[in-house]
Amino acid sequence: MTLSHLLSERAAAAVDVRRAARTSKVSGGVLLALVVLLAALPYVVFSDVTDTLVNFFVLVALAGMWNLLAGFGGLVSVGQQAFIGIGAYSVIALADLGVQPYLAVPLAALTCVVFAVPTSWLAFRLRGDYFAVGTWVIAEVYRLLVVRIDALGGASGKGLSGLSGLDPALRGALTYWVALTLTLATVGGCYLLLRGRVGLSLMAVRDEETAASAAGIDVTRAKRIVYLVSAAGCGAAGGVITVSSLSVNPDAIFNVQWSAYMIFIVVIGGIGFIEGPLIGAVVFFALQQLLADFGSWYLVILGVVGIAAARWLPGGLWGLVRDRTGLSLFPVGYHVRTGDVR
Amino acid sequence: MQWINALVQGLLLGGLYALFATGLSLMFGVMRIVNLAHGDLAVVASFLALALVGGTGLPLWVVIVVTVPLFALLGYLTQRVLLQGSLSSGPMATLLVTFGLSIVLQNVLLEIFSADTRTLDSGSFATSSFHLGPITVGWLPLVTFLLAGAVLAGIGVFLSRTGLGRMLRASSDDRETASLVGADSRHVYGVATAIAFATVALAGLMFAVRSSFDPATGPSRLIFAFEAVVIGGLGSLWGTLLGGIVLGVTQSIGSQIDPAMTLLAGHLVFLAVLAFRPQGLLAGRTA
C-alpha cells in the first residue's frame with residue numbers, strides 16, 4: 001500500500017459525505033403523500049378545481065424547464081415559447097394523423113428535441129445576454145413559418161381532433177393526470193439529471209466556465225443537453241396546453257408572455273434551486289387569481305416584484321428559506337461532515 | 001422599377017432602424033447590458049407624445065423637443081437607481097431587471113391607453129412626397145433618414161472628439177483601467193444610458209408618425225433593433241447603421257415579394273448572418 005492510498009483512506013474515514021440530510025427524508029415522505037393526494041383529486045373535487053390545477057401544473061413544468069436552462073445551464077432564454085408552440089402544433093398535427101392526443105404529448109416532446117438540435121447550432125453562436133434576444137427571434141421565426149402552413153390553420157389557429165368522442169368528465173380527469181405526470185416528470189427529470197454527471201459538470205460550468213473547461217468538461221455538450229431537455233419539457237407542456245384548451249392559436253402559443261411567466265416564477269421562487277419554481281408558481285398563481293378582476297395589473301405587480309427579487313434577493317424565496325433552515329427537498333449537492341479524526 | 005423603389009424605401013426605413021438600434025448598441029458596448037425594455041421605451045415615448053399632442057394641442061416639434069431631453073434625464077436616473085446596482089450582481093440580474101421593466105411598461109400602457117392601435121397625426125407632412133424620376137420619395141421618410149444620419153454622426157463625433165466621449169470608449173474597452181485613470185464609471189454609464197434613452201425616444205416618435213402602434217408593439221421593435229445590431233456587428237456604430245439599412249432593405253424587398261414575408265425576410269437575413277458571419281458585417285472596434 002502506497003502512502004497516497006493510506007492518506008486518502010484516512011481522509012475518507014475522517015469525513016462523512018452523504019447526499020441527504022435527515023430533513024430531506026422527512027420532506028420526501030411528505031412530498032410522496034402530496035403526490036398521492038393530487039393523483040386522487042379528480043375522484044374527490046369538482047372539475048373546475050382540477051381544470052385550474054392543470055394550468056398550475058403547466059406553469060410549474062415550464063418554470064422548472066426555464067430554471068434548468070438558466071439556473072443550472074446559465075442559458076438565459078427568452079425564446080422557450082418556440083418549443084411550447086412546436087409542441088402544441090405537434091399534438092394538433094399528430095392528432096390529425098390519427099394518433100391519440102394524450103399519446104401525442106410525449107411524441108411532441110420528441111418533436112421538440114428534433115427541432116431543438118438545429119436551433120441550438122444557431123442560438124449557441126450568441127453569447128451571454130445576446131443569447132436571450134437571439135432565442136426570441138428564433139421563436140418569432142417559428143411563429144411566422146407556422147402561420148404560413150395552411151394545413152395547420154394559418155394565422156387563425158386550429159382545433160384539436162380526436163378527443164370529441166370522450167365524456168367531458170373523463171376527458172377532464174385524463175387531462176389532469178397527463179398534466180400531473182408532466183409536472184412530476186419535469187421535476188423528477190431535473191432532479192435525476194442534476195444529481196448525475198451532467199449536473200456536476202453543469203454546476204461547474206455555471207460557477208466558473210473557464211476553469212470547468214480547463215478541468216476537461218465539454219462545456220458546449222453539457223449546455224446542449226440541458227437545452228434539449230428543456231425543449232422537450234416545454235414541448236410536452238405545449239402539448240398539455242393543447243389537450244386542455246382543445247385548440248391552438250399561433251399568436252397566443254408563441255407569445256413571449258410565456259417566457260415572462262417562466263422567468264418571474266423562477267426569479268421570485270429562487271433561481272438555481274429545484275424547489276424555486278414550485279414556490280414561485282404558487283406565488284404567481286395566487287397573485288393571478290387574487291388580481292383576476294383587475295385586468296393586467298397582476299403582471300405589473302409581478303414585474304415589480306420580479307425586478308426587486310432580481311435586484312435584492314438573488315436567491316429568491318427558496319434562497320431565504322434555505323438560508324434560515326438549511327432545508328433541501330431535492331438535494332443535488334453533498335453534505336460533508338467531519339467525523340472524529342483519528 | 002418597383003424594385004428600385006422598394007430599395008429606396010428600405011434604405012430610408014433602415015436609417016430609422018439604425019437610429020433606434022444605436023441605444024441598444026451603446027448600452028451593450030459600454031455596460032454589457034442588453035436592455036430588453038428598449039422597444040417598450042420607444043412605445044412609451046410614442047404614447048407620451050400622443051398624450052401631449054392630444055392634451056395640450058402643442059405642435060409636434062415642440063413635443064419632440066420636450067420628450068427627448070426628458071427621456072435623457074429618465075435614462076440617467078434609471079441607470080443610477082435601477083441598473084447600476086444590478087450590474088454588480090452579474091449579467092443575469094440586469095437582463096431580468098430590464099425584462100421586468102419591459103413587462104411593467106407594457107402593462108401600464110395597456111391599462112392607461114387600452115389595447116387600441118394608435119397613430120400620431122402629423123398633418124399633411126406625413127403623406128406628402130416628391131418625385132425623383134420614376135421613384136416617389138415621401139418627405140417624412142427622407143427627413144427621418146437625414147435626422148437619423150445626423151444624430152448618428154453627432155454621436156460619432158461625441159465619442160471620438162470630446163473628453164466624455166473618450167471616457168465612454170475607455171470604459172467600454174476596460175472598465176477597471178478607465179476608472180484607475182479617473183473615469184467615474186457610474187457617471188459615464190449614466191451618460192451612456194441617457195444618450196441611449198434620448199435616441200430611443202426620438203426613434204419612438206418617428207415610428208409613431210410613420211406607422212401605427214399599441215402597447216404590445218415594443219417587443220417586435222426591440223427585435224428590429226437587435227437584428228440591426230447583430231447584422232452590423234456588435235459594438236460598432238457604423239456597423240449598426242449598415243445593419244439597420246440591410247434590415248430595412250430586406251424587409252422592404254421581402255414585402256415586395258409577398259406582404260406576409262416582410263418580417264420573416266428580416267429574421268432570415270439575421271439568422272443567415274448568425275450562421276455564416278457571427279461577428280457581423282462590420283466586425284470590429286467597440287463603441
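Let's start in a loop of chain A: L246(A) sits between helix 10 (219-245) and strand 3 (247-248), where helices (H or I, at least four residues) and strands (E, at least two) are DSSP runs numbered from the N terminus. L246(A) is not a glycine, yet its phi is positive, about 65 degrees. It has 14 C-beta neighbours inside 10 Å and counts as partly exposed; the scale calls a residue buried with 20 or more other C-beta atoms within 10 Å of its own, exposed with 12 or fewer, and partly exposed in between, with C-beta atoms placed from the backbone.

A word on the ground rules: this is a predicted model, local features need pLDDT of at least 70, side-chain atom pairs count only at pLDDT 80 or more, and totals for chains, interfaces and linings use all residues. Residues are numbered from 1 along each chain as its sequence is written, while chains are lettered from A and ligands numbered from 1 in the order in which they are written.

Now step back into helix 10 of chain A. Its axis and that of helix 7 (residues 168-195) of chain A come within 10 Å and cross at roughly 170 degrees; axes are lines fitted to C-alpha atoms over the stretch in contact, with angles from 0 to 180 degrees between N-to-C directions. That makes the two helices roughly antiparallel, the label for angles over 145 degrees. Helix 7 of chain A brings residues including T175(A), L182(A) and G189(A), and helix 10 of chain A brings, among others, G233(A), A236(A) and V240(A). Contact here means C-beta atoms, placed from the backbone, within 7 Å.

Over in chain B, S114(B) also has a positive phi, near 65 degrees, in a residue other than glycine. S114(B) lies in the loop between helix 4 (91-113) and strand 1 (129-132) of chain B, and is exposed, with 11 other C-beta atoms within 10 Å. Strand 1 of chain B runs antiparallel to strand 2 (residues 135-138) of chain B, joined by four bridges; pairing takes at least two DSSP bridges. One pair of bridge partners is F130(B) and V137(B). The hairpin has two residues between the strands, and G133(B) takes a positive phi near 65 degrees.

Finally, how do the chains meet? The contact takes 30 residues from chain A and 32 residues from chain B. On the chain A side, helix 6 (129-146), helix 12 (257-269) and helix 14 (297-312) each give two or more residues. From chain B, the buried residues of helix 11 (residues 262-276) include L264(B), H267(B) and F270(B). The buried residues of helix 11 of chain B pack against helix 5 (101-123) and helix 6 of chain A, together with helix 9 (218-232) and helix 10 (237-257) of chain B.

Definitions and conventions: Contact = placed C-beta atoms within 7 Å. Expected span 1.5 Å × (residues − 1). Parallel < 35°, antiparallel > 145°, perpendicular 65-115°, else oblique.
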